[in-house]
Amino acid sequence: MTTKKEILKYAFIQTLPVLFGYVFMGIAFGILLEEAGYNFVWALFISLTVYSGSMQFVLIGLLGGGMGIISMIILTLSVQCRHIFYGLSFIEKFKAMGKRGWYMVFSLTDETYSLLCGMKIPEELNKKKVFFAVAVLDQSYWVLGCTIGGILGSFIGFDTTGIDFAMTALFVVIFIEQWYSFPSHIPAIIGICCGTAALIIFGANAFILPALIASVCLLLLLKNTIVKQDDCQEACE
Amino acid sequence: MSSSLFTPFLITLLVAGLTFLTRFLPFALFGGGKKVPAIIQALGELLPPAVMAILVVYCLRNVSIMTAPHGLPEFIAIGIVAILHIWKRNNLLSIGGGTVIYMVLVQMIF
C-alpha cells in the first residue's frame with residue numbers, strides 16, 4: 001500500500017520542469033491579458049476552461065471580437081489538431097480510470113503528454129493515481145501562473161511595452177522544435193509561404209483563414225512526397 | 001453581465017469547447033479499436049509545423065516593412081530567439097531572452 005503523500009511526492013518531482021515552464025509562461029499570459037483589458041479573474045477562468053498554452057495566447061487576440069466565427073473555429077481546430085495524436089497513445093489507459101479519465105482527456109496538454117509518456121513509474125506506486133496527480137499538478141501550476149500574471153499586470157511599475165513579443169517568441173520556439181522533429185521541412189516551408197502570401201494578398205485582418213486552407217490543400221497534395229522523403233531519411237539514419 | 005463582457009465570455013467557451021473536442025476526438029472515434037483514417041493521420045502529423053509558421057506570421061501581421069523602423073526590432077529579436085534556441089534548446093531562456101531584448105529595442109533604441 002502506498003500513501004497519497006508518496007504518490008504526490010513522486011508526481012511533484014516528475015512535474016518540476018513543467019512547474020517552472022508553466023508558471024513563467026502563465027505569468028506572461030496573465031500580463032498580456034491584463035494589458036488587453038481583462039483582469040486576473042479572466043486569466044483564472046481561461047486557464048481553468050481552455051487550458052492550452054499556445055491557444056490561450058491566440059485567444060487574447062480573439063476576445064475583442066472582430067474575427068468571424070468560422071475563422072475562429074478553423075483557427076482553433078488547426079492550432080489544436082495535434083492533440084488528436086496525444087490521445088491515441090492513452091485510449092485504453094484513460095478509459096480504465098473511470099471518471100478521472102475525463103479529466104485526463106481534458107488536461108492532456110503537450111507537457112502533460114510528454115511527462116505521461118516518459119515516466120517510469122516504480123512498481124509499488126498506483127499508476128492511475130500517479131497519472132491523475134501529474135495532470136492535476138500541471139494544471140494547478142498553469143492556473144497559478146496565469147492568475148499571478150493577471151494580478152501583477154494590474155500594478156506593474158515598469159514600462160511593459162514590447163512584452164507581447166513573448167507570444168511571438170513562444171511560436172518561434174515551437175516552430176524550431178517542429179523543424180527539428182520532422183526530417184522533411186516541407187510542411188514548415190508551406191506554412192511560411194502560405195502565411196506570407198496570404199498576408200500580402202488579403203491583409204492583416206483576413207489572412208489567417210486563406211493561409212490555413214491553402215496550407216491544408218498543399219499538404220494533402222504533397223502528402224506522399226513528404227512521407228516518402230521522411231521514410232527515406234529515416235532509413236538512411 | 002454586460003454585453004461587452006458577454007462576447008469574450010462566449011468566445012472563451014467556444015475555444016474551450018473546441019480544444020476539449022480535439023482532445024476528446026481520438027477517444028470518441030477510435031475508442032472501439034477502429035483504425036484512424038489515413039487523411040486525419042496525415043493532417044495531424046503534417047499540419048502542426050505549418051500552423052506554427054502561420055502563427056509567427058500572425059504575430060507579425062501589423063509590422064510595417066515599408067515604414068521605419070522597417071520591422072527591424074522584430075526581425076532582430078526573432079533572430080536572437082532562434083540562435084538562443086538552436087544553441088541551448090531551453091524554452092525559458094529563448095523566450096525570456098528574446099522578449100527582454102525586444103523590449104529594450106522598442107523602448108530605447110528604435
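Are H10(A) and H4(B) parallel, perpendicular or oblique to each other, and why?

A: This is a predicted model, in which local features need pLDDT of at least 70 and side-chain atom pairs count only at pLDDT 80 or more, while totals for chains, interfaces and linings use all residues. Residues are numbered from 1 along each chain as its sequence is written, with chains lettered from A and ligands numbered from 1 in the order in which they are written.

The contact between the chains takes 73 residues from chain A and 56 residues from chain B, two residues being in contact if their C-beta atoms, placed from the backbone, lie within 7 Å. On the side of chain A that touches chain B, helix H10 (residues 165-181) gives the most, with 14 residues; helices are DSSP runs of H or I with at least four residues, numbered from the N terminus.

H10(A) packs with helix H4 (residues 91-109) of chain B at an angle of about 140°, their axes being 9 Å apart; axes are lines fitted to C-alpha atoms over the stretch in contact, and angles run from 0 to 180 degrees between N-to-C directions. H10(A) and H4(B) are therefore oblique to each other, since angles under 35 degrees count as roughly parallel, over 145 as roughly antiparallel, 65 to 115 as roughly perpendicular and the rest as oblique.

Among the residues that make this contact are Phe165(A), Leu170(A) and Val173(A) of H10(A), together with Ile95(B), Gly98(B) and Tyr102(B) of H4(B). By class, the contact of H10(A) with H4(B) has seven nonpolar, four polar and no charged residues, where Ala, Val, Leu, Ile, Met, Phe, Trp, Tyr, Cys and Pro count as nonpolar, Asp, Glu, Lys and Arg as charged, and the others, Gly among them, as polar.

How values were computed
Helix = DSSP H or I, 4+ residues; strand = E, 2+ residues; numbered from the N terminus.
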